[in-house]
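Please read them with the structure open beside the text.

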Amino acid sequence: MMMKNKSVILLSGGLDSLVCMGVAKENYNISLALTFDYGQKSAKQEIDASKKICDYYEVEHKVIKLDWLKDICNNALTSSDKDLPEGIDNPVESAKAVWVPNRNGLFLNIAAAYCEAENFTHVIIGANSEEAKTFPDNSLDFISSVNEMFKHSTMTHPVVAVPLINLDKNAIVKLALERSVPLDLVYSCYNGSGKHCGKCESCTRLKNALINNGDTKYMEILFKK
Ligand SMILES: [Zn+2]
């Protein structure tokens with residue numbers, strides 16, 4: 001049997017990237033996961049969660065440190081003197097507060113370099129319709145533009161695959177429950193306190209989606225005090 005071409009996934013350990021791994025591992029033959037440490041408050045938890053996810057799915061894991069990005073970041077995601085916005089009532093303001101300069105653009109380019117070096121065919125990213133509303137680097141326009149760029153910036157033309165692009169958080173959790181993705185491995189919180197704070201934008205979106213799907217099991221595991 002011919003070996004399928006291999007792919008790399010961007011893995012933060014959050015809901016979207018975990019579900020992407022769960023649903024795309026086989027189809028895209030994901031064999032490498034990249035987790036980025038750019039000084040975000042939750043870097044340690046994201047790395048730990050990503051390691052567990054990679055152990056579970058038997059995928060090689062690399063942590064990419066971007067100290068220079070940490071140095072130029074001055075937002076609520078990275079700076080201890082700035083409080084993270086709570087809830088999802090002001091998503092536009094909240095997105096501005098946690099915006100990291102060219103984050104997904106950088107991450108996809110780094111992953112594309114791995115693709116070119118290792119002859120991988122795809123970069124998998126958990127871009128989704130809910131975050132595309134406030135984060136332009138989650139939109140299909142952005143992904144299409146990146147794919148166009150890779151036709152010129154690489155010799156091998158890797159393709160960005162977005163299995164969740166048409167799904168909101170409710171649909172992503174629904175898919176995860178249907179496909180038995182182990183949501184207990186997720187770390188979705190912007191805070192680095194070790195547990196899910198249950199209040200930040202990311203926690204609020206995950207909690208709402210679990211409640212809307214009638215889940216009690218993962219609510220208990222992830223948000224119990
Ligand atoms: Zn949180």
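1. In which sense do strand β1 and strand β2 pair, and over how many bridges? Strand β1 (residues 7-10) and strand β2 (residues 30-37) pair in the parallel sense over four bridges, where two strands are said to pair if DSSP finds at least two bridges between them. Within this pairing, Ser 7 stands opposite Ile 30 in β2.

2. On the basis of the notes: this is a predicted model, in which local features need pLDDT of at least 70 and side-chain atom pairs count only at pLDDT 80 or more, while totals for chains, interfaces and linings use all residues. Residues are numbered from 1 along each chain as its sequence is written.

3. The protein chain contains ten helices and five strands; helices (H or I, at least four residues) and strands (E, at least two) are DSSP runs, numbered from the N terminus. Its radius of gyration is 17 Å, close to the 17 Å that the globule rule gives for 225 residues, so the chain is as compact as a globular protein of that length. That radius is taken over C-alpha atoms, and the rule is 2.2 Å times the number of residues to the power 0.38. Along its principal axes the C-alpha trace spans about 50 × 40 × 30 Å.

4. Of the 225 residues, 42% count as buried, a class that requires 20 or more other C-beta atoms within 10 Å of the residue's own, whereas exposed means 12 or fewer and partly exposed lies in between, with C-beta atoms placed from the backbone. Among contacts between residues at least 6 apart in sequence, 72% join residues at least 24 apart, a contact being two C-beta atoms, placed from the backbone, within 7 Å.

5. The five strands form an open sheet in the order β3-β2-β1-β4-β5, with parallel pairing. Strands β3 and β5 (159-161) stand at the edges with a single partner strand each, so one side of each is left without a neighbour in the sheet. Neighbouring strands of this sheet are turned by 25 degrees against each other on average, direction ignored. Helix α5 packs on the sheet, touching β1, β2, β3, β4 and β5, and its direction makes about 160 degrees with that of β1; axes here are lines fitted to C-alpha atoms, for helices over the stretch in contact, and angles run from 0 to 180 degrees between N-to-C directions.

6. How do helices α1 and α8 cross, and which residues make the contact? The axes of α1 (residues 15-24) and α8 (residues 169-178) come within 10 Å and cross at roughly 40 degrees. That makes α1 oblique to α8, since angles under 35 degrees count as roughly parallel, over 145 as roughly antiparallel, 65 to 115 as roughly perpendicular and the rest as oblique. The contact is made by Leu 15, Asp 16, Val 19, Gly 22 and Val 23 of α1 and by Ile 172, Leu 175 and Ala 176 of α8.

7. Two residues other than glycine have a positive phi: Glu 58, near 55 degrees, and Asn 119, near 60 degrees. Glu 58 lies in the loop between α2 (43-57) and β3 (60-65) and is exposed, with 9 other C-beta atoms within 10 Å. Asn 119 is found in the loop between α5 (103-118) and β4 (122-124) and is likewise exposed, with 11 such atoms within 10 Å.
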